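Welcome! Try each task before you read its solution.

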Amino acid sequence: MLDVRRLHLLRELSHLGTIAAVAEAHSYTASAVSQQLAALQREAGVPLLERTGRGVTLTAAGAALVAHVEDALSALEAADATLAAARGGLAGPLGIGAFPSAVRTLLPGALVALGREHPALVLRVTELDPVDVPAALRARRVDVALVHDYDLVPAAPDPTQESVPLLDEEVLLALPEATEPAEATEPAEATEPAGAAGVAGGADASGAADAVLAAAGADWIVGSPGTLCHTLAVRACLAAGYAPRVRHYADDFTAVLALVAAGQGVALVPRFGVEHRPPRVRLIALPIRRRTRIAYRRGAGTHPAIAACVAALRASAAEVGARR
């Protein structure tokens, strides 16, 4: 019988690429991971790994085994959800991951509701960029997480997780008030979210291209390299025919808007990233959408704690959307 914990490490190696990365993700030593993978290979009776330079890669047999591991771990998650439902009552730790603007806007209401309705749950919030969510879910550092993608930066399917829609919002071009882009269109007011939240209005595609193109000579404020916000800004500018001249890097939208207000550049900001429009900032609606989803490990969707968290997040998103 193959050891489930060792199978989990093989799955992590397939996603993270190196033994050192697996060790760091799980607070092991690289030597301990190597020993466990060697033991799994002996159990399997066929080579699962092969040396490539200074690292290792999965053999064809190893890759085939990982595909089965995904199904097995999903079944174990579903079994755990069944047992949790049978026990009744919600108790114990629940890790929630969210990106910064969601921590400020969507999570507070959900946390209050969960604490009131399920006081035995021990809620723990971790701020995470969406690109870091898959690894955090697999390593069980969080159980539920908010992720998003953009029209210009679509998310690739992940076999290790499932998700449900939360909200859909427009992306805005933020620029200093004195700037005069071509045919600027102020954003429409938010309406009730689609599914759980959504936003109406927005400029047409040609108007959006004109607005981004008119900012070609401006300095840009973008997210840190590697984040979705950084990729979005770069791709939006490239689609308009130029590479952005980046002056500042900032990941918090409040800080981004403060820099825009100070005349330090222009930026792209999603609707929910604008709690209150600062003075001296203009906002132009673009036909670019950010879609936020609630993600969890594959097979865990029926777990009572996760189902309660999903319901609380949806209620909070609807309330925030209605206020805006």
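A residue counts as buried when its relative accessible area is under 20%, and as exposed when that area is over 50%. Keep in mind that this is a predicted model.

**Exercise 1. Find glutamine 161 and decide whether it counts as buried or exposed.**

Step 1: Look in strand β6, residues 161-176, where glutamine 161 has its place.
Step 2: Compare its accessibility with the cut-off: glutamine 161 has 19% relative accessibility, so it counts as buried.
Step 3: Now look at what surrounds it. Setting aside neighbours within four places in sequence, glutamine 161 touches Val133, Pro134 and Leu137, and also Ala295, Tyr296, Arg297 and Arg298.

**Exercise 2. Work out which residues of helix α2 are buried, and how they are arranged around its axis.**

Step 1: Pick out the buried residues of α2, which are Ile19, Val22, Ala23 and His26.
Step 2: Look down the axis of α2: these buried residues fall within an arc of 100°, so they line one face of the helix.
Step 3: Check what covers them; the cover includes α1 (4-16), α3 and β2 (55-58).
Step 4: Step just past the end of α2, where serine 27 takes a positive phi of about 60°.

**Exercise 3. Describe how helices α2 and α3 meet.**

Step 1: Trace the axes of α2 (residues 19-26) and α3 (residues 30-44), which come within 8 Å and cross at roughly 110°.
Step 2: Name the orientation: this angle makes α2 roughly perpendicular to α3.
Step 3: List the partners. Ile19, Val22 and Ala23 of α2 meet Ala30, Val33, Ser34 and Leu37 of α3.
Step 4: Sort the contact by class, which gives six nonpolar residues, one polar and no charged ones.

**Exercise 4. Tell the two sides of helix α6 apart.**

Step 1: Viewed down the axis of α6, the buried residues lie within an arc of 135°, so they line one face of the helix.
Step 2: Turn to the face pointing away from that buried side, where you will find the exposed residues Val112 and Arg116.
Step 3: Return to the buried residues of α6, which pack against β3 (92-98), α5 (100-105), β4 (121-127) and α11 (304-323).

How values were computed:
Residues numbered from 1 in each chain as written. Predicted model: local features only at pLDDT ≥ 70, side-chain atom pairs only at ≥ 80, totals over all residues. Heavy atoms only, no water. Buried < 20%, exposed > 50% of the residue type's maximum accessible area, 1.4 Å probe, protein only. Helix = DSSP H or I, 4+ residues; strand = E, 2+ residues; numbered from the N terminus. Arc of directions from axis to C-beta. Contact = heavy atoms within 4.5 Å. Axes fitted to C-alpha atoms, helices over the stretch in contact; angles between N-to-C directions. Parallel < 35°, antiparallel > 145°, perpendicular 65-115°, else oblique. Nonpolar A, V, L, I, M, F, W, Y, C, P; charged D, E, K, R; others polar.
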